[in-house]
Amino acid sequence: EVYFKNLSKQKQKGVMEKNGNNHKLRVCVATCNRADYSKLAPIMFGIKAEPQFFELDVVVLGSHLIDDYGNTYRMIEQDDFDIHTRLHTIVRGEDEAAMVESVGLALVKLPDVLNRLKPDIMIVHGDRFDALALATSAALMNIRILHIEGGEVSGTIDDSIRHAITKLAHYHVCCTRSAEQHLIAMCEDHDRILLAGCPSYDKLLSAKNKDYMSIISMWLGEDVKTRDYIVALQHPVTTDIKHSIKMFELTLDALISFNKRTLVLFPNVDAGDKEMVRVMRKKGIEHHPNFRAVKHVPFDQFIQLVAHAGCMIGNSSCGVREVGAFGTPVINLGTRQTGRETGENVLHVRDADTQDKILHALQLQFGKQYPCSKIYGDGNAVPRILKFLKSIDLKEPLQKKFCFPPVKDNISQDIDHILETQSALAVDLGGTNLRVAIVSMKGEIVKKYTQLNPKTYEDRLALILKMCVEAASEAVNVNCRILGVGISTGGRVNPREGIVLHSTKLIQEWSSVDLRTPISDALHLPVWVDNDGNCAALAERKFGHGKGIENFVTLITGTGIGGGIVHQHELIHGSSFCAAELGHIVVSLDGPECLCGSQGCIEAYASGIALQREAKKLHDDDLLLVEGMSMKEEEIVSAAHLIQAAKLGNTKAESILRTAGTALGLGVVNILHTVNPSLVILSGVLANHYVNAVKDVINRQALSSVKTVDVVVSNLADPALLGAASLVLDYTTRRIY
C-alpha cells in the first residue's frame, strides 16, 4: 500500500513538473448558455474529480443569467459547482446590433475577471458570439485557450465565429476526423489537436434512466407514450432573419396540422429570437392542448426526451449531433446546420418554404427507428481531454505557431482564370510513340496528340517542344488554363531536378537528359518529370482505385514491367530514385536473361517482350499456330499471338502464360511481404490476363496476414498521361502537403 501511494505521488509530481511550475493547472471554464454547458459539464466534473492536478474556476455569462431563458445558471449550482463570477453581458434587442453590443460588453467586463483569476488555461466551447468575446479577451491577455468543437462546418455566421476562435486558440479538441482535417488545413499545429469526440456523448452513451416515463409525463403529460411525441427546437438564422422567422411560422403550422403532442423549446439568444417567441404566442402555442412550450429542460432529462421521441424537428445542432446516438428521426430545417456530418436518421429540408414540405417530412420521419450513430463520439472524450490537459507544458512559448504549407507557382486570380478550366500538359515518352495531351482537373483528356518517338536525343527533344507549344496554343481555344507540364518517361529519373538519369534500352540516347530546363524556358511553365511506373501510381491515387487509399502498389504489365509504391499517401522514390523497379525483382536464380543484364527478373518472364520471345520460339519450331489461327508471311510474331494460341487450346502457350503469371505472382508476394500494401493494382495491356494467376499465387505462397490484400485491374484508360497530369495538378493546386 505504501509503495502504491509513493508511486501515485511520483506520477503526480511528474505531471506537475511537465506543466512547468510545480503547481496544479488552474483551469477557467466559461459557459454562456444551456447548450454549451451540456458539452462543458462532463469536462468540469472530470476536472473536479482530480483536485491533485487541477484547480477549477467557473465563469458564467450570457443567457444563463436571463429569466426569459430559464436562469439556467441554477443547473450549474445544482451540479454542485462553485460559480466564481457571474457576468451580465447580454444587451437586450432584436437585431444584429444587439449581438455586437453584447460582445462589446463582455470584452469590457472580462479583463477584470481574468486579472483576478489568472488562469493557466481557459476552456472555450463552440461558435457563439459570447465565446468569441471570451477567446479574444484571453488571447489578448496571454492566457492559453483550449477550444472545444473547432473545425466543424454548419453553414451560418457560426462558421465564421468558430473559425475565428480556432485562430485565437492554442489547443484544440475536435469531435470528428473531418473536423481534425479541417483544423490541419487551417494551418493549426497537428501536435496541439486532440481528436477526442464530443464530451456530451460521455453522458449520452451512459444514460440508462429506466424511469424515463416519469420525465415524459412531467414535460408532456401523463397520457403520452414513447415514440408518440415530437421535440421542436428552432433558432433564428442571423444571416437571414426574415426567412428564418417565416420558416418557424411554417413549422408551427405543420406541427399543428400533424396533431401530435409536441414539446417546443424557446430559441437561443440571437438576433430574431424575440420575434420567434412572438410568433409562438401569436399562434397560441403556449395554450394549445397539443403543445408544451418551455424555456429550458435540464440536459439529463432532455436526453431522455429526445431518446424516446417519435421525431425531433428544427435546426439545432443537437438534432444532427447528439440525437443520432439514439437513432431518433430528425428533420433538419433550413441552412443553419448545412455542412455538418450526420447519421442516416437526419432528413434535410433545406428549402423549407411551404407548410406542405415540412408536413411531408413529418409523415416520412415520425415514429421511425434508425441505427444509433457514433459519428461524434464513443463515450470516452473526457478521459482523453484530461490527459491532454495534463500534457500541456507551461514552459512552452505562449505565442502559437501556424503550420503553413509551401505554396508553389502562385497563379494570379483574374476573371479569365476563374472561367477557364485548370488543366495540365501531359507528355508520355514511350518506346514507340510520343504523346502529348491537355488533361483537365477531373482527369478528362481534352485533346491528345501522337507522333512516332524519334531515335535521337536532338530530334526527340525538338519534337517534344514542338508538340507542347502546339498543345499550349490549342488550350486557349478549348478554354483551358495550363498550370504546368508533367512528363512520364521510362528509366530512372531524378524528379527533384527533372533529369532522366538513364533510360531503358527501349528509348535510345536518353541518359543524363535535363528535360525540365529547356521545356520550362520555352513554355514559361513549371515542369515535373518522373518515371512512368511512378506516374501510373499517381494516376491511380488521383483518379483511380488508389483514391483515398493510404498504402497501395501499382504494377504496369506492358512491353516491360514497372510500377510505383504509395506509402502513407506519398510516392516512394528511394535514396537514388530506384524504388519500385518492380519488374526487376528476381524470382528465379537461373531464369531467362533480362534486358537489365540480370537473370530471372519478373520482366524476363511476364513482360510483353518476354512473351514475344517465347512466341517466336514456338513459331520457329512450328508449335505456335493451332486451328483457328493464321498469320501472314510478313506479320511479326507478338505476345498477342501467344495469348490467342493459349485461348484456342495450345497447351505449350498455356504453359508459358501460366509460368509468366506465376512469376508475376511471386513478385507480388515479395512486395506484400516487404511493404504490406492494402491494395495491388494491375495496369497495362496484360493486366486482365494475369490478375487471376496473381491471386492464386498469393493464396498459395503469401503469409496469412497479407492474403486479404485486394488485387484489382486498373480502370484508367490512359494511366501514363493521367499520371503525368497528376504531377502538375497535385503540386499546383493542393494546399496540404
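Predicted model: local features only at pLDDT ≥ 70, side-chain atom pairs only at ≥ 80, totals over all residues.
**The parallel sheet**

Six strands make an open sheet, ordered S10-S9-S8-S11-S12-S13. Their pairing is parallel. The edges are strand S10 (291–294) and strand S13 (346–349). Each has a single partner strand, so one side of each lacks a neighbour in the sheet. On average, neighbouring strands of this sheet are turned by 20 degrees against each other, direction ignored.

Strand S8 (residues 229–233) pairs with strand S11 (residues 311–314) in the parallel sense, over four bridges. Ile230 has Cys311 in S11 as its bridge partner. Helix H9 (residues 212–220) lies across S8, strand S9 (261–265) and S10. Its direction is at about 80 degrees to S9.

**The mixed sheet**

Another open sheet has five strands, in the order S16-S15-S14-S17-S21. Here the pairing is mixed. Strand S16 (445–452) and strand S21 (527–531) are the edge strands, each pairing on one side only. The twist from one strand to the next averages 20 degrees.

Strand S15 (residues 433–440) runs antiparallel to S16, and seven bridges join the two. Val439 stands opposite Ile445 in S16. Four residues lie between the strands in the hairpin of S15 and S16. In this hairpin, Gly443 adopts a positive phi near 90 degrees.

Helix H18 (residues 516–523) packs on the sheet. H18 touches strand S14 (421–429), strand S17 (480–489) and S21. Helix H19 (residues 532–543) lies across S17 and S21.

| Helix | Reference strand | Angle |
|---|---|---|
| H9 (residues 212–220) | S9 | about 80 degrees |
| H18 (residues 516–523) | S21 | about 150 degrees |
| H19 (residues 532–543) | S21 | about 105 degrees |

**The annotated residue**

Which residue does UniProt list for "active site"? The unreviewed entry gives Asp532. This residue is found in helix H19. Asp532 has a relative accessible area of 29% and is partly exposed, because that class spans the range between the 20% limit for buried and the 50% limit for exposed. Leaving out residues up to four places away in sequence, Asp532 touches Ser488, Thr489, Gly490 and Ile556.

**Cysteines without bonds**

How many disulfides does the structure hold? The count is zero. A disulfide needs two cysteine sulfur atoms within 2.5 Å. For Cys174, the closest cysteine sulfur is in Cys175, at 7.0 Å, which is too far for a bond. For Cys175, the closest is in Cys198, at 4.5 Å, also too far for a bond.

Are Cys174 and Cys175 buried or exposed? Cys174 is buried, at 0% relative accessibility. Cys175 is buried as well, with a relative accessible area of 4%.

Technical notes. Residues numbered from 1 in each chain as written. Heavy atoms only, no water. Pairing = 2+ DSSP bridges. Axes fitted to C-alpha atoms, helices over the stretch in contact; angles between N-to-C directions. Contact = heavy atoms within 4.5 Å. Buried < 20%, exposed > 50% of the residue type's maximum accessible area, 1.4 Å probe, protein only. UniProt positions renumbered as here; feature names shortened; annotations may be inferred.
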